[in-house]
Amino acid sequence: MTIRDLLAAARPTLSYELFPPRTPAAQSTLEQTMDVLAATRPDFMSITYGAAGTTQGASRDVVRRLAADHTVPPLAHLTCVGQSRAELVAVVEAYLEEGVQDFLALRGDPPRGQADWRPHPDGLLYAHELVALVREVAHAHGVTNLSVGVAAFPAQHALERFRQLGLDVLRAKQDAGADFAITQVFYQVDQYTALVEDAAAAGIRIPVIPEVMPIVNTRRAVRAAELTGVDTPAELCAALEAAEDDAAARAAGVDHAARLARGLLDAGAPGIHIITFNQSAAALELVDAMGLVRG
Ligand code: FAD
């Protein structure tokens, strides 16, 4: 069953985002995290795709492991960064051969140390072209059981100057063959509902899964804002700073994320995608606090 099929079923999905490990110690932490999180019976786990060659290989290894285990379906992130069209075709072909059915097609962030994004000379410019490429490769190989996701940006949508372009871009992704979207991190339920309602009014019907990040310390709050450009809410920063120890800070971060997740589910979100930072404790506490019924 693809993620598209899961989203067509009535119950909300539960899923996690992992990133590829860079060291043997990180690899071992990731494996433990995957095992612990698999016990919550998630619908899928997504694996990010870095700009550097080595982490791309590590992403592929994690996706392969999940695909081979047949327990939790992998959602393979793919980006246009630093790869020619032919290289992207080869990656998609390899994944399809390994039984991967779900892809998240992204443009990607620039490699570390590079301020602006530059396409590969023989590569793709925008994410919607990658959606089309995945569809083309699947079609050429006779694979029909496939779903393709894309990124959506509720916090950006709240800004008037980005709104129309954001909707046009999301529509281009849908027109290219996207089946669903996963959002960037954000902190206000009304930003999500505004995006979904405006998208529907513009003829965009794909389900939009919100991403929720339990922010469990001040360092992570600062880093999340740097990476996404979305300010961490002042009341969450204050609660993290006021916490007496790590456990109290984690409780504050999980509580904040759980209230957001419950609000999103009440507003009709088709699932919750949890950013884990490859750690299981906060994610598990969040799943518990959300009260998501797993069948
Ligand atoms: P695009 O849709 O290509 O948009 C990129 C920029 O171009 C945007 O500013 C958009 O407005 C503009 N644009 C698009 N089409 C047009 C057009 N026709 N005309 C003019 N402007 C246009 N990054 C990674 O490197 N690896 C990951 O694994 C990863 N995972 C992510 C997962 C999620 C759920 C999200 C939300 C983001 C993730 N990112 C990841 C970050 C993402 O790659 C960046 O946010 C990137 O800047 C935008 O990606 P996109 O896929 O939306 O790109």
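Predicted model: local features only at pLDDT ≥ 70, side-chain atom pairs only at ≥ 80, totals over all residues.
Close-up 1. Residues are numbered from 1 along each chain as its sequence is written, and side-chain values use heavy atoms, leaving out hydrogens and water. What do the side chains of Glu136 and Arg85 meet in? They form a salt bridge of 2.8 Å, N to O, a term for a side-chain nitrogen of Lys or Arg within 4 Å of a carboxyl oxygen of Asp or Glu. Because Glu136 lies in helix α5 (residues 127–140) and Arg85 in helix α4 (residues 85–97), the pair ties together parts that are 51 residues apart in sequence. Helices (H or I, at least four residues) and strands (E, at least two) are DSSP runs, numbered from the N terminus.

**Close-up 2. Arg65 with Glu31 and Asp69.** Here the side chain of Glu31 meets that of Arg65 in a salt bridge of 3.9 Å, N to O. Glu31 belongs to helix α2 (residues 24–38) and Arg65 to helix α3 (residues 53–69), so this pair ties together parts that are 34 residues apart in sequence. Arg65 also forms a salt bridge with Asp69, with the closest N and O atoms 3.5 Å apart. Arg65 and Asp69 are separated by about one helical turn, because they sit four residues apart in helix α3. Glu31 is partly exposed at 31% relative accessible area, Arg65 is partly exposed at 26%, and Asp69 is partly exposed at 37%.

**Close-up 3. A salt-bridge network.** Which residues are linked in a network of salt bridges? They are Arg4, Asp5, Arg135 and Asp179.

Close-up 4. Ser147 has its place in strand β5 (residues 147–152). Is Ser147 buried or exposed? At 0% relative accessibility, Ser147 counts as buried. Its side chain makes a polar contact with the side chain of Asp102 at 2.5 Å, and the side chain of Ser147 also reaches the backbone nitrogen of Arg4 at 3.4 Å. A polar contact is a pair of N or O atoms within 3.5 Å; within protein, one must be able to donate a hydrogen and the other to accept it, and residues adjacent in sequence count only if both atoms are side-chain atoms. Leaving aside neighbours within four places in sequence, the residues in contact with Ser147 include Thr2, Phe103 and Phe180, where contact means heavy atoms within 4.5 Å.

Close-up 5. How many residues surround the ligand? There are 20, and the closest are Tyr49, His77, Gly108, Ala127 and Lys173. A backbone N or O atom of Tyr49 lies 2.7 Å from a nitrogen atom of the ligand, while one of Ala127 lies 2.8 Å from an oxygen atom of the ligand. Helix α7 gives the most to the shell, with three residues.

Note on methods. Buried < 20%, exposed > 50% of the residue type's maximum accessible area, 1.4 Å probe, protein only. Near = heavy atom within 4 Å.
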